[in-house]
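Here are a few notes from my pass through this one, jotted down for you to check against the viewer. They cover a helix pair and then the ligand site.

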Amino acid sequence: MDRARAGRLAAVAGRVEFSESFVPADRFREDVIAGLAAPRKSIPPKYFYDARGSRLFEAICRLEEYYPTRSELALTRAHLGAIARFAGRGAVLIEYGSGASVKSRLLIGALAPSAYLPIDISLDALRGAAAALRRRFPRLDIHAVHGDFSRPLKIPALPGRGRRVVYFPGSTIGNLTPREAQAFLRRTRAQVGSRGAMLVGVDLKKDAGVLHAAYNDAKGVTAAFNLNLLARINRELGGDFRPRRFAHYAFYNPGPGRIEMHLVSLERQQVRIGRRRFEFEAGETIHTENSYKYSVEGFQRLARRAGFRAERVWQDARGHFALHGLTALEAVA
Ligand SMILES: C[S@@+](CC[C@H](N)C(=O)[O-])C[C@H]1O[C@@H](n2cnc3c(N)ncnc32)[C@H](O)[C@@H]1O
């Protein structure tokens, strides 16, 4: 088929392609064993997102107390025209941690991107999102990447398709330490190139009571999300965690400016994973997530150090959440 005809067909019916970029199954075991063997036990939050974890996260987004999703959706709707002008129509839209790609639908509608590249560690979330987007935007080219953004990723090159714009909503960047966030932004800066841009959703510092309620909802959905990690370890790694012997614990730590999520051992106990054994004292915790909160200026400083110009910032009416528009600086410091 000649190129012009292929192009015309692609414009009529978009494509959905999947690729893999480094999600080896063994890494889960290695990270869990290393995290539980450390003097302060911890497990990286990226392992929350098996099929059930991804569904529970979507349920969290609908909770009364969980303001970030509603705030980010509201500010995106309110400023969609300006956000689309900033990003530019016809860009290649790359989204990290795309999950259900709910906010992305607004952007896709306004930007009419030449291609959309959702990237997620959860294959179930990625498949569900791609199918829903295909129905909603039948002409859109979707290149879904199943991968881990905490390491360098291989993504399709798509030359000649327009400037690259990376979208990173949901304050997922807050799950990284500031040092990791800066390294991630640097890699992204290299990826978008000198004409590229980035839109990053960042949760703002605010009253600790509002934060506390958001991570300790009355229906216990966040607790179920946190505890699901133990069920996943039992199923996939042959663990014998008894989730009822652990409790969800989340609090704001004002020093580093972050919500910390932990699983607290309710008694002295021993847990096996395959041939490994781990001892827990009563009250000892597994640190499962950080969610850093930034001031507008604090995040802008971080972005500048990573080679971006902090050009625009949009906030919701209550000042709970910010969407930063960053463009690449020519020279990276
Ligand atoms: C906080 S949720 C945000 C979802 C969505 N972007 C939103 O704004 O509602 C984080 C998303 O990032 C994905 N994720 C977390 N860590 C990841 C990693 N290291 N690599 C790729 N995806 C990751 C999760 O599967 C999940 O879909």
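At what angle do helix α5 and helix α6 pack, and how far apart are their axes?

1. Bear in mind that this is a predicted model. On the helix pair: α5 covers residues 80-87 and α6 covers residues 102-111, and the two pack at an angle of about 65° with their axes 9 Å apart. Angles of 65 to 115 degrees count as roughly perpendicular, so α5 is roughly perpendicular to α6. As for handedness, α5 passes α6 in a right-handed crossing.

2. Now the ligand. There are 18 residues around the ligand, and the ones that come nearest are Gly97, Lys103, Asp120, Asp148 and Phe149. By type, the shell divides into five nonpolar, eight polar and five charged residues.

3. Lys103 puts a polar side-chain atom 2.7 Å from a ligand oxygen. With Phe149, a backbone N or O atom sits 2.9 Å from a nitrogen of the ligand, while for Ile121 a backbone N or O atom lies 3.1 Å from a ligand nitrogen.

Terms used. Residues numbered from 1 in each chain as written. Predicted model: local features only at pLDDT ≥ 70, side-chain atom pairs only at ≥ 80, totals over all residues. Heavy atoms only, no water. Near = heavy atom within 4 Å. Polar contact = N/O pair within 3.5 Å; in protein donor to acceptor, adjacent residues only side chain to side chain. Nonpolar A, V, L, I, M, F, W, Y, C, P; charged D, E, K, R; others polar. Axes fitted to C-alpha atoms, helices over the stretch in contact; angles between N-to-C directions. Helix = DSSP H or I, 4+ residues; strand = E, 2+ residues; numbered from the N terminus. Parallel < 35°, antiparallel > 145°, perpendicular 65-115°, else oblique. Left-handed = near helix turned anticlockwise from the far one by under 90°.
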